[in-house]
Amino acid sequence: MKAWIKSQQLPILEKLMVWSAINSDSRNLAGLAELRESVYQQFSMLADISQVIELPDLSLLDDRGELRALAQAPILHFAKRPEAPVQILLCGHMDTVFPADSDFQLPKIKDGQILHGPGVADMKGGLLVMWLALAALERSPSAQQLGWQVVINSDEETGSLASSNYLQRVARSAHVGLVYEPALADGTLAGARKGSGNFSLLVRGRSAHAGRDFEQGRNAIAALASAMNELHLYNNIATGLTINLGRIS
């Protein structure tokens with residue numbers, strides 16, 4: 001088995017170079033569609049069941065403080081031997097953080113041994129490690145005792161807001177769950193992560209003449225600054241509570 005895995009190194013590297021060169025920013029639906037087709041072909045050759053799961057639009061605040069619908073890229077869901085006594089769930093994501101106009105687009109090999117490119121570790125490389133592990137499993141005589149599901153979303157880098165419900169539902173049917181994010185630099189695996197949430201604070205002011213009717217106005221900038229300062233005070237590294245005050249529009 002080790003010899004077979006080693007024999008796959010070159011084709012896996014070539015596939016990773018192709019995937020890395022496809023811009024798959026979480027908001028780049030065209031790029032995600034191109035990558036999704038290739039990932040679907042890669043995993044469906046192993047699976048008994050291969051599905052593309054459409055997701056509803058998200059409702060998000062835009063820069064004008066108005067709710068708007070934001071289209072979401074679909075989920076990929078693969079399954080093998082759903083009737084097996086032991087079920088394992090493997091999760092990953094296709095999206096990356098580099099926008100379509102980023103200067104960081106094409107992968108390259110540095111110093112003859114280091115692959116440098118968008119998503120080569122997080123986590124297009126992880127998806128191919130996952131595929132290789134499953135392909136090796138399917139060559140094993142013990143494979144018949146194990147069923148597996150693979151769920152790959154396209155919004156992990158923005159918080160999995162659209163896909164989290166689906167992931168939770170699938171996870172309930174599994175005995176074990178594995179996520180193929182990269183390890184730390186020293187090889188340490190992350191055994192758990194704290195939860196996270198994304199929140200938008202909308203502040204509306206009231207216009208008034210700054211000289212004649214100052215007291216009739218309500219300054220949205222002052223209110224927002226006060227609210228952000230108060231939120232920042234809730235940070236508590238000792239208990240693991242972190243509040244990151246991000247983008248202002």
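In which sense do strand E5 and strand E8 pair, and over how many bridges? In this predicted model, local features need pLDDT of at least 70, side-chain atom pairs count only at pLDDT 80 or more, and totals for chains, interfaces and linings use all residues. Residues are numbered from 1 along each chain as its sequence is written, and side-chain values use heavy atoms, with hydrogens and water left out.

Strand E5 (residues 86-93) and strand E8 (residues 146-153) pair in the parallel sense, over 8 bridges. Two strands count as paired if DSSP finds at least two bridges between them; strands (E, at least two residues) and helices (H or I, at least four) are DSSP runs numbered from the N terminus. Within this pair, Val151 in E8 is the bridge partner of Cys91.

E5 and E8 belong to an open sheet of 5 strands with mixed pairing, in the order E1-E4-E8-E5-E9. At its edges lie strand E1 (49-53) and strand E9 (176-179), each pairing on one side only. From one strand to the next the twist averages 15 degrees.

Helix H3 (residues 29-44) lies across E1, strand E4 (75-80) and E8, and runs at about 5 degrees to E4. Helix H5 (residues 164-171) packs on the sheet and touches E1, E4, E5 and E8, its direction making about 175 degrees with that of E8. Contact means heavy atoms within 4.5 Å; axes are lines fitted to C-alpha atoms, for helices over the stretch in contact, and angles run from 0 to 180 degrees between N-to-C directions.

Strand E2 (residues 58-61) and strand E3 (residues 67-70) pair in the antiparallel sense over 4 bridges, with Ser59 bridged to Ala69 in E3. The two strands form a hairpin with 5 residues between them, and Gly65 in the turn has a positive phi of about 75 degrees.
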